[in-house]
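Hello! Here are a few notes from my read-through, in the order I would look at things. Please have the model open beside you.

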Amino acid sequence: MKLSSSSTSEQLEALYNISKALNSTLDVQEVLQTMLDMALEIFDADAGSVMLEAGGFLTIHVSSGLEDEIVEKTRQKLGVGIAGWVATTGEPLHLDGKVRDPRFTELVERGDSIASSLSVPIKVEQEIAGVLMIRRAGERTFDPGDLAFLVSVGDLAAVALQKARLFQAERRQRRLLELEHQKLSATFTSMADGVLVLDNKTRLLTHNNVAQQFLRPLVGDNLELFCEIYAESLESGQSEIVAGERLLKVVPTPLVADGEEGGSVLVLRDESASRELDRMKSEFLSMISHELKTPITTISAFLELLSHREFPRERQLHFLKICDEECRRLQSLIEQLLHLTRLEAGKFVLSTEKRDVGQLVRECLPAFSEPNPNHHFEIKEPFPQAVLEVDPTLLCQAITNLLSNAVKYSPSGGTIQISLEETPLTFVLSVSDEGVGIEAEKIKYVFEKFYRVDNSLTRETGGTGLGLANVKHIALAHSGRVWVESELGKGSTFYLELPKEPGGQ
Ligand code: ADP
């Protein structure tokens, strides 16, 4: 609609239409374009623009009837030019033809084609957000009353602009929140700890799968029941629970929003492994002091005996033999420890030579077969020819450790079978016994240093828990690997695999 005169009812109707159009969208660009289009139509103007302020400059955001180059290049400093003046003072401005007003002659560069222009500020919460400008070409100038009406249009636009901006900010915020939520839920589901979120009445709000898995032995799938139990135990300050094989540490974190209690997050941490490690460490300390003390006590007792009393030569030799054996035990323990430390630190230089692994096994065997008549040692002949670049001393130590364990952990005797199999890239040495075997869940620990399965046999037999750790590191030093298959009460088979080519499998 065009405004033929400045009649109030027509103006009101025009404002109503603008307001309706502006309310139909929440897109900032669309709001501005709608306002400009309607203003141009109402005032029968030829061109116009909406400039917005950012960082002390005004740039054109929407326009009509202006050359693209002008739209792109215009960057008006506040206080400079017509728009700069309007934005700085907050005053509307009506200029006709060549500008005669001395306030603007300095500021304004106007082509001859412009007959008249109206510029009004767009104020959002008392701040100037931009400037709406329309102009006519030729002879047609604006009426004096038009400026006040355009100010009202600018005010309407300001409200719509603010609404659209708020909406955009809220949408951005929502997107950020969504992203945060996604990140959180990814962490929540992928973390190794169990997590339960409770409301301020200790009712379960949500949980991750790990929590369910951890608590299943305790409450099945009824996690609400756990929350009830937990609520009771909260008073006793209990923070550790046993769930099946696991020892769980419960770490509660209260949620506080606006100073008010908003429930809590319970993190369930599986402490079993670190407890097992602690147990292994203290067991090792007591074991190592026992292992060191026993031979030293024996040696010093016999030496004291020999230095204080006369014995027949034969008795003397017997005592000295015992001392010698105890010294060897000590030596072997210290050597195992040193070996492992060096192997683990990677500071070990292999002293390799080409040796037949089968032959090495045959050389290690008599030290076991002769003193253990209860055991039947069986070599699964024929061994394939396995000439490899190996450190024979270390490899012998590994074989010895495996044979020694096979004997030690089959106290009732039985067959100990040694085989050497060829695969396309490797040779696999295996030592199997018919001894006590190892529980399935303990198998993963046996190659760890200082680990000894806790049973009556290991308590009775001497050992350091270092033998298999050494075997593992010797295999690794040869680019090989070790593993075990075992059945409780039936026996175990330990495998040592070595690559045919040094440095790879
Ligand atoms: P240890 O000095 O205790 O023998 P190892 O490192 O050689 O230490 O072995 C670690 C643990 O693995 C042993 O304490 C034992 O419980 C278990 N183990 C090793 N070999 C066997 C086997 N052949 N049969 C059953 N258990 C074994």
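Predicted model: local features only at pLDDT ≥ 70, side-chain atom pairs only at ≥ 80, totals over all residues.

1. Residues are numbered from 1 along each chain as its sequence is written, and side-chain values use heavy atoms, without hydrogens or water.

2. An automatic or database assignment sets the domain bounds: domain 1 (8-169), domain 2 (191-270), domain 3 (274-341) and domain 4 (353-499). Between the C-alpha centres of domain 1 and domain 4 there are 90 Å.

3. The largest pocket has a volume of about 1200 Å³. Of its 46 lining residues, Q336, N401, S404, N405 and K408 are the closest to the centre. A pocket here is an open set of points on a 1 Å grid where a 1.4 Å probe fits, with protein on both sides within 12 Å along at least five of seven lines; lining residues have an atom within 4 Å of a point.

4. Who supplies that lining? Domain 3 and domain 4 each give at least three residues, and α13 provides the largest share, ten residues. By type, the lining has 18 nonpolar, 20 polar and eight charged residues.

5. Finally, β4 (residues 93-96) pairs with β5 (residues 114-124) in the antiparallel sense over four bridges, where pairing requires at least two DSSP bridges. L93 and L95 form the covered face of β4, H94 and D96 the uncovered one.

Key: Points joined across faces, edges and corners; volume = space filled by probe spheres on them. Helix = DSSP H or I, 4+ residues; strand = E, 2+ residues; numbered from the N terminus. Nonpolar A, V, L, I, M, F, W, Y, C, P; charged D, E, K, R; others polar. Buried < 20%, exposed > 50% of the residue type's maximum accessible area, 1.4 Å probe, protein only.
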